[in-house]
Amino acid sequence: MKALLLKYWRVISGPSKHYSLGFLTMGGFVMGVIFWGGFNTAMEFTNTEVFCTSCHENLYAELQDTVHFTNRSGVRAICSSCHVPHDWTDKIARKMQASKEVFAWMTGSISTPEKFEARRLTLAEREWHRLKANDSLECRNCHQFDYMDFTAQSQRAVNMHSTALAGGDKTCIDCHKGIAHRLPDMSGVDMAGLD
Amino acid sequence: MNAFKTLALVAAAAFAGATAIASDNFATLRDGAIAQEKDAPRFAKVENNDIKRKRAYPMQPPTIPHKIDGYQVDLNVNRCMACHSRRVTEATQAPMVSVTHYMDRDGNFLADVSPRRYFCQQCHVTQTDARPVLANEFVDIDELLQGR
């Protein structure tokens, strides 16, 4: 084993005997593009609706009733719009966390709708905490406070947005829970974001 | 033979009656021939101005002056109570549901909304800008008393 590793080390640490510097440089460049592009393409594939709904089809069915799926202007959110950070480093961090979810999938810890409903509050709370911690970043990727026209909002929306949200006391998810999914049993959960 | 004649007469009379009704424009609300499928009317717009409407009579459940699209009211959660429950009305400035909603049918007060009052839309409904198909002939009790 050690001899084998040593052999490879000698080959790798020595200069090239047959290939020109230009070939190796260009080859490295081309292969770099292919591998890096392939990696990113594969990762972006895990952000697509097709990928998510291959398991979470029940959640997709729920989403279809909501304004984040169908609305008058035809702008819509897909799963990753809200559940995966858009910046690359944050995205990689979230994807690494998600590898634990792959393990959960393999062990079948949530393999039936009943198991899912039983765990639903825990899972939802995880997302609420995440959005609370990052000041509802994924909401704000589209809903930017600076460009909100209060004159176009209803009076009670203005009352809340111009005070609690503007002052930074509250963030989107404090009040807007369950806007794209059915809510789990919320007894004991603060719906109005008061606590 | 006689019985057959009577039957035929009755059938003829029924047919004549039916055509009379049709020619009397009995289907005016529908505004079209009975066998013809009409275009569905546009959805009416739900009132969203947060202005309380007058109640037509003292016991009338107040109408909802805002949109409630997608509000979840089921075994898991009651979205309406996120603003209208006793605990949160100071923060939301929404009207608290009336005390009767906290009473069971024997008049005992409960800590939370009574199950028999849980489903808000059994009594409280949104209003739309739809044009009424028929005029409303409701007379307010005050006008009724004055006219006596």
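**View 1. The loop of chain B that holds B:Asp50.** B:Asp50 is placed in the loop between helix H1 (2-23) and helix H2 (81-84) of chain B, where helices (H or I, at least four residues) and strands (E, at least two) are DSSP runs, numbered from the N terminus. Phi of B:Asp50 is near 60 degrees, a positive value in a residue other than glycine. B:Asp50 is partly exposed because 15 other C-beta atoms lie within 10 Å; a residue is buried if 20 or more other C-beta atoms lie within 10 Å of its own, exposed if 12 or fewer, and partly exposed in between, with C-beta atoms placed from the backbone. The model is predicted: local features need pLDDT of at least 70, side-chain atom pairs count only at pLDDT 80 or more, and totals for chains, interfaces and linings use all residues. Residues are numbered from 1 along each chain as its sequence is written, and chains are lettered from A and ligands numbered from 1 in the order in which they are written.

**View 2. B:Arg117 and B:Asp104 in chain B.** B:Arg117 lies in the loop between helix H3 (89-92) and helix H4 (141-146) of chain B. With 17 C-beta neighbours inside 10 Å, B:Arg117 counts as partly exposed. From C-alpha to C-alpha, B:Arg117 and B:Asp104 are 8.9 Å apart in space, and 13 residues apart in sequence.

**View 3. The largest nonpolar core.** Seven residues make up this core: A:Met191, B:Cys80, B:Met81, B:Ala82, B:Cys83, B:Ala94 and B:Cys120. A nonpolar core is a set of buried Ala, Val, Leu, Ile, Met, Phe, Trp, Tyr and Cys residues joined through C-beta atoms within 7 Å. Leaving aside neighbours within four places in sequence, B:Ala94 is in contact (C-beta atoms, placed from the backbone, within 7 Å) with B:Cys83, B:His84 and B:Thr89. Of the 148 residues of chain B, 7% count as buried. The secondary structure of chain B consists of four helices and zero strands.

**View 4. The sides of chains A and B that meet.** In chain A, 15 residues are in contact with 13 residues of chain B. The side of chain A that touches chain B has seven nonpolar, five polar and three charged residues; Ala, Val, Leu, Ile, Met, Phe, Trp, Tyr, Cys and Pro count as nonpolar, Asp, Glu, Lys and Arg as charged, and the others, Gly among them, as polar.

**View 5. Helix H6 of chain A.** H6(A) has 20 residues and reaches 29 Å from its first C-alpha to its last, close to the 28 Å expected at 1.5 Å a residue; the expected span is 1.5 Å times one less than the number of residues. The number of buried residues in H6(A) is zero, so the helix lies largely in the open. A:Gly108, whose phi is positive, near 70 degrees, follows H6(A). In chain A, confidence is lowest in helix H6 (residues 88-107), at a mean pLDDT of 89, pLDDT being the predictor's confidence in each residue, from 0 to 100.

View 6. A:Asp135, with a positive phi near 55 degrees, follows H7(A). A:Ser136 lies in the loop between helix H7 (113-133) and H8 of chain A, and its phi is also positive, near 55 degrees. A:Ser136 is buried, with 22 other C-beta atoms within 10 Å.

Definitions and conventions:
Two residues are in contact if their C-beta atoms, placed from the backbone, lie within 7 Å.
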